Amino acid sequence: ERRRSGKHTYHYTIVTLFASGTNHFNFRLLKEGFLQKVGKMFGGQDINTGDDIFDKQFVLKSNQPDLALQIFDRMLCAKITAEYPSINSSLDLNNGALVYNEQTMLTTEKSLARYINVIHLCIAIIEKVSGKTGSRSSGRG
C-alpha cells in the first residue's frame, strides 16, 4: 500500500488474517521500547504472561486479559520470542482481524524471508485465538 504525506510517499506491507468468532476479543502486541517503558513509569499496565524473556521483550494489552493469558501460553510466547528479530511493528487483533503492517517494501529476498517468518507467526496466533489448535482430532475414531 502506498500512503502519501505531503510531498512524500511511503510504502507499507500489510498482512491481515481473519479469525471468525473473535470480534469481542482484542489485543495489541508490540516490542517494548522507550515509549512503553515511560508509559509503565506513569502507571501503564501490560499483561504479564509469566514468561520472563517474552515479558521483557514485548508489551501485551487486551480487553480480556484472562483470555489473552490462555492464548499467550509458554509455547506461543516462545515462538514469538524466537521471531523477535523479524517483528518490526505491532500485531493487532481488532474486530476479528489480525493486522501486521510495516513501513517497508518487499524488495529483497532477505526482507521477504523475514516477512514469511512474520506470516507464519501470525498464522500460529490466529490458530491459537480461533481455537483451531485445540479442535484438531486426536486420530481416534
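**View 1. Lys128 and Asp73.** At 25% relative accessibility, Lys128 counts as partly exposed (buried means under 20% relative accessible area, exposed over 50%, partly exposed in between, with a 1.4 Å probe and protein chains only). Asp73, at 24% relative accessibility, also counts as partly exposed. Lys128 forms a salt bridge with Asp73, and the closest N and O atoms are 2.7 Å apart (a salt bridge is a side-chain nitrogen of Lys or Arg within 4 Å of a carboxyl oxygen of Asp or Glu). This pair links distant parts of the chain, 55 residues apart: Lys128 lies in helix H5 (residues 109–130), and Asp73 in the loop between helix H3 (65–71) and helix H4 (74–82). Helices (H or I, at least four residues) and strands (E, at least two) are DSSP runs, numbered from the N terminus.

This is a predicted model, in which local features need pLDDT of at least 70 and side-chain atom pairs count only at pLDDT 80 or more, while totals for chains, interfaces and linings use all residues. Residues are numbered from 1 along each chain as its sequence is written, and side-chain values use heavy atoms, with hydrogens and water left out.

**View 2. Arg114 and Glu102.** A salt bridge joins Arg114 to Glu102, with 2.4 Å between the closest N and O atoms. The pair links distant parts of the chain, Arg114 in helix H5 and Glu102 in strand E7 (residues 97–102), 12 residues apart. Both residues, Arg114 and Glu102, are buried.

**View 3. Arg28 and Asp92.** Arg28 forms a salt bridge with Asp92, their closest N and O atoms being 2.7 Å apart. Arg28 is in strand E4 (residues 27–31) and Asp92 in strand E6 (residues 91–94), 64 residues apart. Arg28 is partly exposed, with a relative accessible area of 40%, and Asp92 is partly exposed at 22%.
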